[in-house]
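Biologist: I would like to go through this entry feature by feature. Please give the general idea each time, then the case at hand.

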Amino acid sequence: MDAMNREPGGAVRRVETHPFNGQKPGTSGLRKSVREFSQPHYLENFIQAIFNTLGAEVRGTLVLGGDGRYGNRDAIQRILRLAAANGFQRVVVGRGGILSTPAASCLIRKLEADGGIILSASHNPGGADGDFGVKFNGANGGPASERVTAAIHRESGVLDHYLTCDSAALELDRDGCHDLCGMQVDVVDPVADYADLLETLFDFDALREMLGGGRFRMRFDAMHAVTGPYAREILERRLGAAQGTVMNGEPLEDFGGGHPDPNLAHARDLVDLMNGNDPPAFGAASDGDGDRSMVLGRGGYINPCDSLAVLAANAHLVRGYGDLAGVARSMPTSRAVDRVAEARKLPCYETPTGWKFFGNLLDDGRITLCGEESFGTGSSHVREKDGLWAVLFWLNIIAVRRQPARAILREHWRQFGRDYFTRHDYEGVDSVDAEALMASLRERLAGLPGQAYGEETVECADDFAYEDPVDGSVSQGQGIRLYFKSGARAVFRLSGTGTAGATLRLYCERYERDPTLLELDTQRTLAPVLGAAAAIAGIEAHTGRTAPDVIT
Ligand code: G6P
Ligand code: ZN
């Protein structure tokens, strides 16, 4: 075997193993509890399954890093040994084992690597009792396609050995070039290339003028996750924002005991600050691995669906985005961006949930901007959603328009109308009950049109399937859509990112054009749609739940 002959430093070892059940990548990689990942051979098996899927001819450069959570450093050492034993020529690792998801995507593209491995369970809690995850991104810098993740899963179910080598732990905390069992390992600055890329897209001079003078105060909550070093470098060092602009900026293995999910419930420190006396003009937070973001103006947070629409509508004001090829949103995301696309005559795509579905559209030059209700927005600059990028995009628009975020949003609603949107999550539902609810909805789809529930009557209903316009692949069963005669819409799907039980998600939206009705209470105005959707699906009958656990 080729790999056996090439090591001068340490002997390649073949380790017999047995497959583990359930090494099935979900919406975003393989995500399991730390406990499950701690089983001997568990991590190695999955990594070997990735390498086997790539094929022996793909053994050039890999990018490797993670969000710094518990287990990150140890996993990096083990993956390096596997990569060397499997014959890779070079692995580029972020210093300290750190790479945010968008920064990893940026590096893969810049180095023209064969792909990258990102260690993260995104916004799930970390620490010894938390979750861990492994994501594989391909040569375009984006999450592996469904075809590839299915092949990795298949491979994980049949492999009987993996290859590793013996080597001392590599120094991860200093930049440097090493030899590990004959493979080159470069430990690099995790921030610089990414920050340089953002500098080509946004007007850093205008941002420096706004942030540096102390006139415009903002706060960025890194939630003790990966974005701390990125936000400090970009906001505080390159753009001159006041020291302390970045809060919770030290990446910690357990995220300081918090849940690094940038929403109103978990980014509490920031939300309290924005609601307190003398709030900053602008607030933002990012998640565990830096791809999600939440944006807050004075007077409220900006729903991610609206955020995508505002970015699309104002893109011409931002240097890197003068000419949009098109836009895309995931299916459950509100149709706010569709209205901008229609007005600007831009192609607009509706994809299943999961960033990987944007990859082909971006690679094929069909879209420039895309986003999801799940606090993700991004563009063709990388192949992942990008939290800090979205923050800079907003700041750039604010700097050019010289208006606060909320005022920009209000004007947007006046111009395009408002899509009231909410998501209700029922967490920790018994998987069998959740599947039964979805199956029952599917069975009854054809009979739903014409049925009335309170004020709402179903106009049509379907089970969303997506045919990728670039490669023709078809993804079935991506969520149940109910369209009502009122123009409202409800969507049901099961989360693909949980590690225990099932999470049922109900997304509801309603369009409002009347300029006097643009500032209503979202939950109240959507109550008839939520009620109809819950009745149609039989949420209480199937799950015993009368109210959701989380509302966004
Ligand atoms: C991850 C993916 C997103 C996706 C989200 C959905 O964050 O990167 O692209 O929107 O998961 O999660 P869910 O739990 O709804 O499957
Ligand atoms: Zn994430």
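Predicted model: local features only at pLDDT ≥ 70, side-chain atom pairs only at ≥ 80, totals over all residues.

Biologist: Which domains is the protein divided into?

Modeller: Domain bounds come from an automatic or database domain assignment. The protein is divided into domain 1 (2-189), domain 2 (193-416) and domain 3 (418-551). The centres of domain 1 and domain 3, taken over C-alpha atoms, are separated by 37 Å. Their contact takes 10 residues from domain 1 and five residues from domain 3; two residues are in contact if their C-beta atoms, placed from the backbone, lie within 7 Å.

Biologist: Which element gives the most to the side of domain 1 that touches domain 3?

Modeller: Helices (H or I, at least four residues) and strands (E, at least two) are DSSP runs, numbered from the N terminus. Strand 2 gives the most, with three residues. Strand 2 (30-33) and helix 6 (146-156) each supply at least two residues of that side. By class, the side of domain 1 that touches domain 3 has no nonpolar, five polar and five charged residues.

Biologist: Is Leu 99 buried or exposed?

Modeller: A residue is buried if 20 or more other C-beta atoms lie within 10 Å of its own, exposed if 12 or fewer, and partly exposed in between, with C-beta atoms placed from the backbone. Leu 99 counts as buried because it has 36 C-beta neighbours inside 10 Å. Leu 99 is in the loop between strand 4 (90-98) and helix 5 (101-111). Leaving aside residues up to four places away in sequence, Leu 99 touches Gly 65, Gly 66, Gly 94, Ala 104, Ile 118 and Pro 190.

Biologist: What is the strand order in the open sheet of four strands?

Modeller: Strands of a sheet pair through backbone hydrogen bonds, either parallel or antiparallel. Two strands pair if DSSP finds at least two bridges between them. In this sheet the order is 16-15-17-18, with mixed pairing. Strand 16 (348-351) and strand 18 (376-379) stand at the edges with a single partner strand each, so one side of each has no neighbour in the sheet. Strand 15 (residues 327-330) and strand 17 (residues 369-372) pair in the parallel sense over three bridges, and Val 327 has Leu 369 as its bridge partner in strand 17.

Biologist: Why is strand 24 described as largely enclosed?

Modeller: Four of the five residues of strand 24 (residues 480-484) are buried, so the rest of the structure largely encloses the strand. Strand 24 runs antiparallel to strand 21 (residues 456-463), joined by five bridges. Strand 24 also pairs with strand 25 (residues 489-494) in the antiparallel sense, over four bridges. Tyr 483 is the bridge partner of Cys 460 and stands opposite Arg 489 in strand 25.

Note on methods: Residues numbered from 1 in each chain as written. Chains lettered and ligands numbered in written order. Nonpolar A, V, L, I, M, F, W, Y, C, P; charged D, E, K, R; others polar.
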